[in-house]
Amino acid sequence: DPQGATAADSVEIRVDGTAPDDPAPQVEILSPTDGSTIPNKPDGLLALEWQATDPAGEGLARRWTVSYPYDPATGTAGTTEPINEREILFPHRWFAWRPFDNIAEAYCELADSTVRVSLEVTDAAGRTGTDAVLLRTQPCIVVE
């Protein structure tokens, strides 16, 4: 200004190619439902069924994980690991998951506890939608 005082201001603008109002994919786990029980035998299977839509129509990538033991009060888990979709059946949106593939070594320590199964779906622009269900384990079978 005429008295020699100066001031400055700045605004950070991020350009990532997505419109701010483009929503993330909508995700829903259809099966199993909250509170379902995980089979307590090594060959037991659970059907993981989902639906996901991408409002932007750009294609979807998904990632399933299992977290155990899971504390719903704090939202924390001791271990989180991916679920293998090796038995996937297209064009259906489900596959048979063998929980013992992930939690066999810890199953007896998880007796009567909570396990969280979650699905994360990401579209081509990097927007992510998620859903999760909480499952219960059964008492450990002890073979003598």
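**Reading a sheet in a predicted model**

Colleague: In what sense do β7 and β8 pair, and over how many bridges?

Modeller: First, the general idea. Strands of a sheet pair through backbone hydrogen bonds, either parallel or antiparallel. Here, β7 (residues 114-123) and β8 pair in the antiparallel sense, over 9 bridges. Two strands count as paired if DSSP finds at least two bridges between them. Strands are DSSP runs of E, at least two residues long, and helices are runs of H or I, at least four; both are numbered from the N terminus. In this pair, V115 faces L135 of β8.

Colleague: What kind of model is this, and how are residues numbered?

Modeller: It is a predicted model: local features need pLDDT of at least 70, side-chain atom pairs count only at pLDDT 80 or more, and totals for chains, interfaces and linings use all residues. Residues are numbered from 1 along each chain as its sequence is written, and side-chain values use heavy atoms, leaving out hydrogens and water.

Colleague: What is the strand order in the open sheet?

Modeller: The order is β4-β3-β7-β8, with antiparallel pairing. β4 (76-82) and β8 (128-136) are the edges; each has a single partner strand, so one side of each lacks a neighbour in the sheet.

Colleague: Which residue is the bridge partner of Y68 in β4?

Modeller: That is T79. β3 (residues 60-71) and β4 pair over 6 bridges, in the antiparallel sense. Their hairpin has 4 residues between the strands, and G75 there takes a positive phi near 75°.

Colleague: How many helices and strands are in the protein chain?

Modeller: The chain has 1 helix and 8 strands. From the N terminus, they run β-β-β-β-β-β-α-β-β.
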